[in-house]
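Visitor: I would like to learn how to read charged side chains in a protein. Could we take one case together?

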Amino acid sequence: MSADKRIPVTEETREELHELKKPGQTYDDLLKELAQSRRREDLEKRFQELEDADSDDLTPIEDV
């Protein structure tokens with residue numbers, strides 16, 4: 001993989017990323033991990049919203 005793209009970040013952000021990075025881990029791997037974690041959190045939130053909406057619309061079996 002060619003490292004031909006740059007992502008400008010502040011020094012503060014670079015330091016935060018450096019602190020999150022595991023020994024031997026590349027910044028590319030760290031950013032992939034963070035993106036995957038964010039997608040997972042967003043998906044879990046969406047599922048929770050759908051579950052909550054479904055439960056509001058459902059009639060308990062005892063009421064049928």
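Visitor: Is Lys 22 buried, partly exposed or exposed?

Guide: Keep in mind that this is a predicted model. Buried means under 20% relative accessible area, and exposed means over 50%. Lys 22 has 45% relative accessibility, so it counts as partly exposed.

Visitor: Which side chain does Lys 22 meet in a salt bridge?

Guide: Start with the general idea. Side chains of opposite charge can pair when their charged atoms come close. Here, Lys 22 forms a salt bridge with Glu 33, at 3.4 Å from N to O. This pair links distant parts of the chain, 11 residues apart. Lys 22 sits in the loop between H1 and H2, while Glu 33 belongs to helix H2. Glu 33 has a relative accessible area of 35%, so it is partly exposed.

Visitor: What does the side chain of Gln 25 reach at 2.9 Å?

Guide: The backbone nitrogen of Lys 22. The Gln 25 side chain also has a polar contact with the side chain of Glu 33, at 3.2 Å. Gln 25 lies in the loop between H1 and helix H2.

Visitor: Is Gln 25 buried or exposed?

Guide: Buried, because its relative accessibility is 12%. Recall the cut-off: buried means under 20%.

Visitor: How many salt bridges are there by this rule?

Guide: The count is five. Let us look at two within helix H2. One joins the side chains of Arg 38 and Asp 42, at 3.4 Å from N to O.

Visitor: What separates Asp 42 and Arg 38 along helix H2?

Guide: About one helical turn, because they are four residues apart in the helix. Now check their surroundings. Arg 38 is exposed, with a relative accessible area of 53%. Asp 42 is partly exposed, at 41%.

Visitor: And which side chain does Arg 46 meet in a salt bridge?

Guide: That of Glu 49, at 3.6 Å from N to O. Arg 46 is partly exposed, with 45% relative accessibility. Glu 49 is partly exposed too, with a relative accessible area of 37%.

Visitor: Which residues form a negative surface patch?

Guide: A patch takes residues with no salt bridge and over 30% relative accessible area. Here, Glu 12, Glu 15, Glu 16 and Glu 19 form a negative one. Take Glu 15 as an example. Glu 15 is in helix H1, which covers residues 11–20. Its relative accessibility is 39%, so Glu 15 counts as partly exposed.

Terms used. Residues are numbered from 1 along each chain as its sequence is written. This is a predicted model: local features need pLDDT of at least 70, side-chain atom pairs count only at pLDDT 80 or more; totals for chains, interfaces and linings use all residues. Side-chain values use heavy atoms; hydrogens and water are left out. Patches are made of residues with over 30% relative accessible area and no salt bridge: like charges are joined within 9 Å, nonpolar side chains (Val, Leu, Ile, Met, Phe, Trp, Tyr) within 5 Å. Accessible areas come from the Shrake-Rupley method with a 1.4 Å probe; for residues, only the protein chains shown count as cover. A salt bridge is a side-chain nitrogen of Lys or Arg within 4 Å of a carboxyl oxygen of Asp or Glu. Lys and Arg count as positive and Asp and Glu as negative; His and the chain ends are not counted. The place of a charge is taken as NZ of Lys, CZ of Arg, CG of Asp or CD of Glu. Buried means under 20% relative accessible area, exposed over 50%, partly exposed in between (1.4 Å probe, protein chains only). A polar contact is a pair of N or O atoms within 3.5 Å; within protein, one must be able to donate a hydrogen and the other to accept it, and residues adjacent in sequence count only if both atoms are side-chain atoms.
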